[in-house]
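Hi everyone, thanks for coming. Let me put the structure up on the screen, and then we'll walk through a few parts of it together.

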Amino acid sequence: MSTEHVRSEIQPREHLDFKLNDGLPRFWHGGDPYKTRFFDAMSVTFPIGERYFISTVRAYRDEIKDPKLAAEVKDFIRQEAQHGMVHAEFNELLSKQGIAVRWGERFLDRKFKWQLKRWSKAFNLSYTAAAEHVTAMMCSTLFQRSMAFKGADKRIAAIYAWHSIEEVEHKAVAFDVLTKVAKVSYLTRIAGLIYFSIEYPLGNWFAVNQMLKSDGFGAWARTKMLLKGAWWLYKPGGVFMPSMGYYFSYFKPGFHPWQHQEPQHHGAWVKAYEETGDPIQAAEVFS
Ligand SMILES: [Fe+2]
Ligand SMILES: [Fe+2]
C-alpha cells in the first residue's frame with residue numbers, strides 16, 4: 001500500500017461573492033454551447049446531489065466514535081451545504097434564461113428520495129463515496145489542465161475553482177465513514193463506483209442534450225456538438241483520459257483518497273483567497 005500524503009485542512013468558507021448579479025452571458029464558456037451546458041448540467045445536480053450526500057453520511061453520525069472524524073463530518077456538511085447554495089443561485093440564473101433546468105431538478109429529487117428509501121444505508125454511502133472519488137479526480141485534473149476552463153467567464157470558473165478546492169479538502173470524509181464506521185465489504189465499495197460510473201455520464205449526456213434543445217439547436221446540430229464534446233472529453237490527452245489512473249486506483253484493495261496528492265495549485269489558491277477574500281481573484285492562480 002502506498003503512503004498517504006498530508007491531508008489539507010477542511011475549511012468551510014461562507015458568504016463568497018461570485019458577482020452573479022452582473023448578468024450571465026448565454027454561452028459563458030467562451031461562446032461554446034457544448035462546454036457551457038456540460039458544466040451547467042453538472043451544476044444542476046449539485047444542490048440536490050449534495051443534499052443527498054449529506055443525508056447518507058449523516059445516517060452514520062451516531063456511530064462515529066472518533067472525534068476527529070466527527071469534526072470532519074461537520075465540516076464536510078458545512079462545505080457541501082455552501083456548494084449547494086451557490087449552485088442553486090447559479091441554476092436559478094440558467095432557468096431565468098429559459099434553459100431546461102427544472103425537469104432535471106424534479107427528476108433528481110425523486111431519484112435520490114427513492115435511493116434513500118430503497119437502498120441500504122451502506123449502499124447509499126458507497127454511492128456517495130464513489131461520487132466523491134470521481135469528483136476529487138475531476139477537481140485534481142480540471143485545474144491542473146487549465147484547458148477545461150480556458151476562455152470561460154471568470155466568475156463561473158471561480159465557482160468551480162472554489163468548489164474543487166473544497167472537494168479535495170473533504171475528499172476522504174465519506175470514504176472514511178464508509179470504511180471505518182460502516183465497515184462495508186470491498187464488493188459494496190466497488191459496486192458503488194461501478195453504479196455511479198455508468199449512471200452519471202449517461203445522465204450528463206441526456207441533460208446536456210435537453211439543455212441544448214432548450215437553446216434552440218436542432219437534432220443534427222446537437223448531434224455534432226455532442227460528438228465534438230465527446231472528443232474534447234475522451235480523446236487521448238483530453239479532459240478525462242489523463243485521469244484514468246486516478247479513477248482506477250479506487251479498485252486497489254488498500255486504496256485511500258489521500259494516497260493522491262492534492263492539486264498543484266491548492267496552496268496558492270488558499271493563500272490568495274485568505275489575502276484577498278475574493279474567490280474570483282483567487283481563481284487566477286489556476287490560469
Ligand atoms: Fe460539493
Ligand atoms: Fe463533496
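So, to start: which residues does Tyr 160 touch, if we don't count those up to four places away in sequence? They are Phe 39 and Phe 149. Keep in mind, by the way, that this is a predicted model.

Okay, Tyr 160 brings us to the largest nonpolar core, which has 38 residues. Tyr 160 is among those with the most contacts inside that core, along with Ala 41, Ala 157, Ala 161 and Met 211. Who supplies the core? Two or more residues come from each of α1, α2, α4, α5, α7 and α10, and α5 gives the largest share, with 9 residues. There's another core lying apart from this one, with 26 residues, including Phe 53, Ile 54, Ala 131 and Val 173.

Now let's look at how α5 sits against α10. Helix α5 covers residues 154-169 and α10 covers 266-276; their axes come within 11 Å and cross at roughly 120 degrees. The crossing is left-handed. On the α5 side you've got Ala 161, Ile 165 and Val 168, and they meet His 266, Trp 269 and Val 270 in α10. That contact is made up of 5 nonpolar residues, 1 polar and no charged.

Last stop: Pro 33, over in helix α1. Is Pro 33 buried or exposed? It's buried, because 20 other C-beta atoms lie within 10 Å, and 20 is enough to count as buried. Setting aside neighbours within four places in sequence, Pro 33 is in contact with Phe 27, Leu 212, Asp 215, Phe 217 and Met 225.

Conventions
Residues numbered from 1 in each chain as written. Chains lettered and ligands numbered in written order. Predicted model: local features only at pLDDT ≥ 70, side-chain atom pairs only at ≥ 80, totals over all residues. Axes fitted to C-alpha atoms, helices over the stretch in contact; angles between N-to-C directions. Helix = DSSP H or I, 4+ residues; strand = E, 2+ residues; numbered from the N terminus. Left-handed = near helix turned anticlockwise from the far one by under 90°. Contact = placed C-beta atoms within 7 Å. Nonpolar A, V, L, I, M, F, W, Y, C, P; charged D, E, K, R; others polar. Core = buried A, V, L, I, M, F, W, Y, C linked by C-beta atoms within 7 Å. Buried ≥ 20, exposed ≤ 12 C-beta atoms within 10 Å, placed from the backbone.
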